[in-house]
Amino acid sequence: MLYSPIPMHIPDGFLSLIVSILCWGVTAGVVGLAISKTNKSLGEKQIPLMGVMAAFIFAAQMINFPVAGGTSGHLLGGALAAIVLGPWAGMLVMTAVIVVQALLFQDGGLLVMGANILNMGLATAAVGYGLYRSTFNQSRTVKLAAAGFAAWLSVMTGALLTALQLWLSGTSDLQIVIPAMLGVHALIGFGEALITVSALAFILQTRPDLLGEGSESARGSRIWVGVGGFIALAVVLFSPLASSDPDGLNRVAMDLGFIDTAQSGAGPLAGYTVPFLASASASKIAAGVIGVLVVGVIVILIGRGIKAGPQS
Amino acid sequence: MHFDAFDRYHERESFLHHLDPRVKVVIAILFIVSNALLPDGAWDAFLFAWAFVLIANVVSKLGVGYTFKRSIIALPFALVAITVLFSIPGKPVFSLQFLMWNFTVTDMGLLRFVSILIRSWLSVQMAILLVSVTRFPDLIHALEHLRVPAVLTTIIAFLYRYLFVLTDEVFRLLRAREARSAAAAGSRSGGGVAWRARVAGNMAGQLFLRSYERSDRIYNAMVARGYVGHLYTLNPHEMKSSDYYVSALAVALIFITQMLGRF
């Protein structure tokens with residue numbers, strides 16, 4: 001099988017529950033918005049198109065090229081999808097790709113899927129499209145250059161988010177994980193940029209109508225320029241800050257309750273008490289309530305089973 | 001390529017295969033959440049959870065070691081967790097001298113590292129089992145029942161349905177590249193990395209156009225067959241009494257796992 005994963009799919013177990021849930025929250029919000037936006041602007045025809053495009057991104061990730069020493073580069077596709085399909089459709093397509101990668105190939109976990117979608121689907125599409133959109137009326141060269149930079153930065157954004165989530169979960173050390181992730185992905189992003197630019201150049205040459213005025217690609221709101229620019233700026237400014245002042249960031253994370261002072265537990269939810277509840281007695285009561293709830297669920301399920309009658 | 005070349009489903013006549021897909025999805029997710037909740041070093045609970053997986057393996061008639069053999073894939077990612085070995089304060093276990101750095105592995109760091117690996121490894125096994133006993137279309141149908149938006153499940157269903165078609169297309173493109181990449185003995189073929197990346201990019205562009213045009217044809221064919229915006233299924237997915245009993249049992253077992261991990 002040609003399928004070769006990008007070292008950015010987080011498996012289950014590497015993120016703490018609270019970080020996973022927070023990421024799921026953000027992802028659900030953005031994907032929900034994307035669904036309502038695409039429902040509004042697209043006809044029923046768009047659904048098969050997006051489905052086949054998702055299969056395209058999946059298949060395009062199999063096109064690899066030898067780099068050096070047996071390693072090979074290939075596409076992640078978030079920026080390309082957003083540029084050719086428009087931002088919202090691009091996000092939905094990337095979401096579907098990541099869901100299928102997790103379900104079929106166990107490439108990325110289920111509980112951490114929200115984080116993976118956020119890192120590789122939503123953030124890459126937002127950065128990629130935003131930077132590309134800013135060059136709407138420019139020449140072909142400027143457009144392609146912007147797309148290349150956007151593709152590179154989209155990979156770096158995903159890598160930075162992954163690193164931050166790992167650090168907030170107490171899985172990795174900030175001083176090491178950020179330079180390591182960004183260093184590796186600076187190279188991967190280079191391949192991403194080259195493939196994205198030449199794919200776009202090819203499409204511009206053969207089917208310019210797909211990217212020209214009135215196309216899905218050009219119809220995205222100007223707001224995306226701001227969104228993409230903001231994320232890009234945040235990544236560019238944050239990365240040096242994170243490597244120069246890790247202690248400051250660690251203190252912020254402790255204040256917010258992500259990491260406990262000795263970093264001895266597995267984040268806030270892994271202690272012997274329920275988090276958020278400081279006192280031991282309140283925590284015991286909460287544990288009791290949870291126990292009662294669990295027993296209640298079991299009883300209801302068995303009751304329903306009896307009601308459903310003998311196996312048909 | 002066959003249409004289900006990517007499906008991890010393994011045909012067997014077992015109880016787990018016939019269980020309602022919704023139940024399987026929910027149990028798998030509960031199990032993974034439970035793993036994430038277990039504290040570091042909860043060995044009893046880890047063992048109990050593993051027993052859960054092993055028994056599920058046996059019940060599925062796939063063989064005790066089925067998921068174990070396929071669970072190695074998540075291991076390379078362990079690299080990102082390696083820093084906890086040194087960074088968490090605790091009693092030093094042993095030290096490594098590497099160039100000018102001195103790495104000291106602490107007992108707390110080791111505990112945390114091993115716990116992360118076990119949690120991940122148990123969760124991966126459950127995910128493998130889920131897709132091995134559930135056909136992918138059933139899985140998507142279950143997601144629909146579990147209130148995943150229809151737009152998304154339809155896109156996923158299309159992705160799955162046309163993935164093998166486009167993979168064939170990729171193989172064709174790769175074969176064409178191979179066929180044109182001959183080199184005389186002793187000389188290098190092709191250009192530098194940037195040139196190779198450009199060729200790959202052109203191939204991606206070509207694939208995009210072929211997919212785009214294919215999606216047009218697919219849509220026209222669907223309209224010709226009466227497509228009005230949503231897909232029908234002949235599989236009603238009704239919960240049987242056994243589905244409820246298994247859910248109850250699984251919730252109880254996961255609860256026991258949590259208890260073992262905490263007290």
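**Figure 1. Contact between chain B and chain A.** The contact draws 85 residues from chain B and 84 residues from chain A, where two residues are in contact if their C-beta atoms, placed from the backbone, lie within 7 Å. On the side of chain B that touches chain A, H9(B) gives the largest share, 22 residues; helices (H or I, at least four residues) are DSSP runs, numbered from the N terminus. This side comprises 58 nonpolar, 18 polar and nine charged residues (Ala, Val, Leu, Ile, Met, Phe, Trp, Tyr, Cys and Pro count as nonpolar, Asp, Glu, Lys and Arg as charged, and the others, Gly among them, as polar). The model is predicted: local features need pLDDT of at least 70 and side-chain atom pairs pLDDT 80 or more, whereas totals for chains, interfaces and linings use all residues. Residues are numbered from 1 along each chain as its sequence is written, chains are lettered from A and ligands numbered from 1 in the order in which they are written.

Figure 2. Leaving aside neighbours within four places in sequence, B:Val251 contacts A:Val294, A:Val297, A:Ile298 and A:Leu301. The C-alpha atom of B:Val251 is 8.8 Å from that of B:Phe31, 220 residues apart along the chain.

**Figure 3. Packing of H3(A) and H4(A).** Helix H3 (residues 78-85) and helix H4 (residues 87-105) of chain A pack at an angle of about 140°, their axes 7 Å apart; axes are lines fitted to C-alpha atoms over the stretch in contact, and angles run from 0 to 180 degrees between N-to-C directions. A:Gly78, A:Ala81, A:Ala82 and A:Leu85 of H3(A) meet A:Pro87, A:Ala89, A:Gly90, A:Val93 and A:Met94 of H4(A). These residues divide into seven nonpolar, two polar and no charged.

Note on methods:
Helices (H or I, at least four residues) and strands (E, at least two) are DSSP runs, numbered from the N terminus.
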